[in-house]
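Here's a quick briefing for anyone meeting this structure for the first time. Have a look at it, then read on for the main points.

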Amino acid sequence: MYIVGLLLPCNAVLREGEEGVEILLQDPKGMFQVLPPEKQETLKPVVEEARSRLEKALAKL
C-alpha cells in the first residue's frame, strides 16, 4: 500500500529577495520516481493533473 498524499508536492516556498518574491514549487514527476515503475504508470494521470494545477496557479501569479 502506498500513501499517495505524502508524495504529492503541495508545498510551495516563497522567498523574498532584493528583486521581489521568488516562488519555488516541487515537480510532481520527481516525487513519484520513488515508486516502482508499475505504480508510476498507474498514477501517471494523478501526476499530470497535479503538475497542470501547479502550472496554472503559477501562471496566475
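This is a predicted model: local features need pLDDT of at least 70, side-chain atom pairs count only at pLDDT 80 or more; totals for chains, interfaces and linings use all residues.

A residue is called buried at under 20% relative accessible area, exposed at over 50%, and partly exposed in between, using a 1.4 Å probe and protein chains only.

Residues are numbered from 1 along each chain as its sequence is written, and side-chain values use heavy atoms, with hydrogens and water left out.

**Salt bridges**

- The whole structure has four salt bridges, each being a side-chain nitrogen of Lys or Arg within 4 Å of a carboxyl oxygen of Asp or Glu.
- Helices here are DSSP runs (H or I) of at least four residues and strands are DSSP runs (E) of at least two, numbered from the N terminus.
- Arg53 counts as exposed because its relative accessibility is 58%.
- Glu55 and Arg51 make another salt bridge, with N to O at 3.0 Å, and these two also lie in helix H3, four residues apart, about one turn of the helix.
- Shared partners join Asp27, Arg51 and Glu55 into one network of salt bridges.
- Glu55 has a relative accessible area of 46%, so it is partly exposed, and Arg51 is partly exposed too, at 30%.
- Glu22 and Arg15 also meet in a salt bridge, at 2.8 Å from N to O. Glu22 is partly exposed at 36%, and Arg15 is partly exposed at 45%.

**The hairpin**

- Strands S1 (residues 12-17) and S2 run antiparallel, and six bridges join them. Two strands pair if DSSP finds at least two bridges between them.
- S1 and S2 form a hairpin, with two residues between them.
- For a spot to look at, find Val13: its bridge partner in S2 is Leu24.

**A nonpolar patch**

- Leu14, Val21, Ile23, Leu25, Leu58 and Leu61 make a nonpolar surface patch of about 570 Å².
- Patches take residues with over 30% relative accessible area and no salt bridge, joining like charges within 9 Å and nonpolar side chains (Val, Leu, Ile, Met, Phe, Trp, Tyr) within 5 Å. Accessible areas come from the Shrake-Rupley method with a 1.4 Å probe, and for residues only the protein chains shown count as cover.
- Strand S2 (residues 20-25) gives the most to this patch, with three residues.
- Leu61 is found in the segment after helix H3 (44-59), and it counts as exposed because its relative accessibility is 71%.

**The largest pocket**

- How big is the volume of the largest pocket, and what lines it? The volume is about 150 Å³, and the lining is Lys29, Phe32, Gln33, Gln40, Glu41, Lys44, Val47 and Glu48.
- Helix H1 (28-32), helix H2 (37-42) and H3 are the elements that give two or more residues to this lining. H3 gives the most, with three residues.
- On a 1 Å grid over the protein atoms alone, a pocket is an open set of points where a 1.4 Å probe fits, with protein on both sides within 12 Å along at least five of seven lines, and lining residues have an atom within 4 Å of a point. Grid points are joined across faces, edges and corners, and the volume is the space filled by probe spheres set on the points.
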